[in-house]
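The following report describes a single protein model for computational work.

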Amino acid sequence: MRNAYRVIQRQHRVVQLMSIPNFQDEELKLPQKVVDFKELYIKNIKFSYKQDGTPPYALDFIGELKFEPCKAYAIIGQNRSGKTTLVNLISKLYKPSDGEIALNGVDYKLIQRKSLRNLIAYVSQRPFIFPGTIRENILVGDPSATEEEC
């Protein structure tokens, strides 16, 4: 009897998980595709890992940031200051609990994740290189790269 109850609980949990929208479902509903980068604007961003977006905040940034093309930016700070969370918000892995993010003047909520990620480059503090040549490593990230690009 106890095992049957556990099975029912687990089936219920599977049904809950299956009802969570995935990235592809979301992409079909978003109207904006981005093909170029003119400006990324961030203002008063808050992010909480709690589902309802309430404190404690993993990131509570008060102020404005503007990222422009053809410039390199480094996100630095103390441990647990929200650097990774900010990068995850920029790449749309997370949605902010509060605040504003806009790309080229378009609200981030309206922008397709895939088109956005074609514009973002991320360099980790601990880069990983696959075994093989530099060319083979470049082809992992961009299979259509030409000889000149490699």
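## Structural report

Phe130 is found in the loop between helix 4 (113-117) and helix 5 (134-141), where helices (H or I, at least four residues) and strands (E, at least two) are DSSP runs numbered from the N terminus. The model is predicted: local features need pLDDT of at least 70, side-chain atom pairs count only at pLDDT 80 or more, and totals for chains, interfaces and linings use all residues. Residues are numbered from 1 along each chain as its sequence is written, and side-chain values use heavy atoms, with hydrogens and water left out.

Phe130 counts as partly exposed because its relative accessibility is 40%; buried means under 20% relative accessible area, exposed over 50%, and partly exposed in between (1.4 Å probe, protein chains only). Together with Phe128 and Val140, Phe130 forms a nonpolar surface patch with about 330 Å² of accessible area. Such patches are made of residues with over 30% relative accessible area and no salt bridge, with nonpolar side chains (Val, Leu, Ile, Met, Phe, Trp, Tyr) joined within 5 Å and like charges within 9 Å. Accessible areas come from the Shrake-Rupley method with a 1.4 Å probe, and for residues only the protein chains shown count as cover.

The mean pLDDT (the predictor's confidence in each residue, from 0 to 100) is 84, and 91% of residues reach 70 or more. Confidence is lowest in helix 2 (residues 23-29), at a mean of 60, and highest in strand 1 (residues 40-47), at 96.

The largest pocket has a volume of about 1100 Å³. A pocket is an open set of points on a 1 Å grid over the protein atoms alone, where a 1.4 Å probe fits, with protein on both sides within 12 Å along at least five of seven lines; lining residues have an atom within 4 Å of a point. Grid points are joined across faces, edges and corners, and the volume is the space filled by probe spheres set on the points. The lining comprises 32 residues, of which Ile75, Val87, Ala121, Tyr122 and Val123 lie nearest the pocket centre. Helix 3 (83-90) and helix 4 each supply at least two lining residues, and the largest share, five residues, comes from helix 3.

Side chains of opposite charge can pair when their charged atoms come close. The structure holds four salt bridges, each defined as a side-chain nitrogen of Lys or Arg within 4 Å of a carboxyl oxygen of Asp or Glu.

| Salt bridge | N to O distance |
|---|---|
| Lys38 and Asp36 | 3.9 Å |
| Lys66 and Glu39 | 3.5 Å |
| Lys71 and Glu68 | 2.9 Å |

Lys38 is exposed, at 54% relative accessibility, whereas Asp36 is partly exposed, at 35%.

A cis peptide bond, with omega of about 5°, joins Pro55 and Pro56; Pro56 lies in the loop between strand 1 and strand 2 (59-60). Arg80, although not a glycine, has a positive phi of about 65°. This residue is in the loop between strand 3 and helix 3 and is exposed, with a relative accessible area of 84%. Asn104 likewise is not a glycine and has a positive phi, of about 55°.
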